[in-house]
Amino acid sequence: MNRNDLPLGLGMALAQNEPAMKQFEALSEQQKNAVINRTKKINSKYEMQCLVNGLSDGTLNL
């Protein structure tokens, strides 16, 4: 998967949170796809930030 495959909102949120970006990059392809699928249910910038913060602090369950 490359950065062009990421939904725009997820890519922007990850760019603003370096620890989350590193955590996302370390995920397996299956886990990355699970995160991407979760973004399809997100309706606000705040919800996206919460999802990305969950990656960086380890609270996001995959």
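**A chat about helix α2**

Visitor: How far apart are Lys 22 and Glu 18 in helix α2?
Guide: Lys 22 and Glu 18 are 4 residues apart in α2, so about one helical turn separates them. Helices here are DSSP runs of H or I, at least four residues long, numbered from the N terminus.

Visitor: Before we go on, what kind of model is this?
Guide: It is a predicted model, where local features need pLDDT of at least 70 and side-chain atom pairs count only at pLDDT 80 or more, while totals for chains, interfaces and linings use all residues. Residues are numbered from 1 along each chain as its sequence is written, and side-chain values use heavy atoms, with hydrogens and water left out.

Visitor: OK. What does Lys 22 form with Glu 18?
Guide: A salt bridge, with the closest N and O atoms 3.2 Å apart. The term means a side-chain nitrogen of Lys or Arg within 4 Å of a carboxyl oxygen of Asp or Glu.

Visitor: Is Lys 22 buried or exposed?
Guide: Lys 22 is exposed, at 52% relative accessibility. Exposed means over 50% relative accessible area, buried under 20%, and partly exposed in between (1.4 Å probe, protein chains only).

Visitor: How many salt bridges in the whole structure?
Guide: The search finds 2. Lys 32 also forms one, with Glu 29, and there the closest N and O atoms are 3.7 Å apart. Lys 32 is buried at 10% relative accessibility, whereas Glu 29 is partly exposed at 38%.

Visitor: Back to α2. Which of its residues are buried?
Guide: Ala 20, Met 21 and Phe 24, in a helix that spans residues 18-26. They sit on the same side of α2 because they cover an arc of only 100 degrees around the axis, taken from the directions from the helix axis to the C-beta atoms. The face turned away from that buried side carries the exposed residues Pro 19, Lys 22 and Ala 26.

Visitor: And what covers the buried residues?
Guide: The cover includes α1 (8-15), α3 (29-39) and α4 (45-57).

Visitor: What happens at the start of α2?
Guide: A side-chain oxygen of Asn 17 comes within 3.0 Å of the backbone nitrogen of Ala 20. Asn 17 belongs to the loop between α1 and α2, and is buried at 12% relative accessible area.

Visitor: What does Asn 17 touch?
Guide: Val 52, Asn 53 and Ser 56, not counting residues up to four places away in sequence. Touching, or contact, means heavy atoms within 4.5 Å.

Technical notes. Helix = DSSP H or I, 4+ residues; strand = E, 2+ residues; numbered from the N terminus. Polar contact = N/O pair within 3.5 Å; in protein donor to acceptor, adjacent residues only side chain to side chain.
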